[in-house]
Amino acid sequence: MLNIYKTNKIELISEVLAKEILINPPFITDNLKISIQNYFLSKWIKDQITLKNDIFALCEFQTLAEYTEEIVKNIYVDQKLKSWNFESIKWSIIESFEELKEYKESWPLLNWINKFIDNKKILNSEIYSLIVRITKVFSDYILYRPEIIEKWHNTKLKNPNLFSGLNKDQYWQPILFKLIEKNLNKPICIYMIEIINDINNLKNCSKINLPKNIYLVASDNLSKLQISFYSKLSELTNVNIYLLSPGYELWDRINIVDGEISLDIYNKKQYLLKE
């Protein structure tokens, strides 16, 4: 079942979330996990739930990326998934920087790569700043442009189709991605796409270990991939999404739940929270 709660008041979200946990409490030994992107907001919500329910133990708040990664690992229990978080990508780029020079397509970055090598692979502020910006680009691709990552993942490094749709000064991007992938294996978005496409087979899989209730508190930062992923998961377990101050852009993405993209979500309820 997919439940979507919409409001512009965080107090209402904390109240509804507290009642939901009270009605459907976890087992006494379970560690309840809730996805909230902001650390300080998570602390405030935890305090509010504790005040309303008198007790709120064994609870952990995670970012949506951490929460999603753990769920994927619980589905792919037989595989060792490596994290594609910001730090992992950043250090993998640093490790791959010298190897990138072996490809002629790396010419837009040669100035920084040569400085990195000449400096005995010691990072200065200029090179580190560049790598952080590249990491941010790849992180955004994974979250908001997974179709690009999927195409790069499915195309071999020596295949000229790897560069289709790119300008020549962008050819280094898929090459660097393939080098990162050698270290980290396939990124989380590929697993998410596989789960979305294979949800019917997963219904009969006894190995997956999903929580009986999934709780997401989010704002306008939800991507289309995340909405698709959790909408599909609602066919396997209860998914509760609490949307704070949803804007028009998010409505465009969340419309996929209503059938603009064929997700076939029948067990879906939406609630507009009011005082």
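Predicted model: local features only at pLDDT ≥ 70, side-chain atom pairs only at ≥ 80, totals over all residues.
Residues are numbered from 1 along each chain as its sequence is written, and side-chain values use heavy atoms, with hydrogens and water left out.

Let's begin with the whole. The protein has 12 helices and six strands (DSSP runs numbered from the N terminus: H or I of at least four residues for helices, E of at least two for strands). Of its 275 residues, 46% are buried (under 20% relative accessible area, 1.4 Å probe, protein chains only). Take the contacts (heavy atoms within 4.5 Å) between residues at least 6 apart in sequence: 78% of them join residues at least 24 apart.

Now to helix H4, residues 86–100, where you will find Ser92. Ser92 is buried, with a relative accessible area of 3%. Beyond its neighbours within four places in sequence, Ser92 is in contact with Ile180, Asn183 and Leu184. With Asn183, the side chain of Ser92 makes a side-chain polar contact of 3.1 Å (a pair of N or O atoms within 3.5 Å; within protein, one must be able to donate a hydrogen and the other to accept it, and residues adjacent in sequence count only if both atoms are side-chain atoms).

Our other stop is Ser231, in helix H11, residues 224–233. Ser231 is buried, at a relative accessible area of 1%. Its side chain reaches the backbone oxygen of Ile227 at 2.6 Å. Ser231 and Ile196 are 35 residues apart in sequence, with 8.8 Å between their C-alpha atoms.

How values were computed. Buried < 20%, exposed > 50% of the residue type's maximum accessible area, 1.4 Å probe, protein only.
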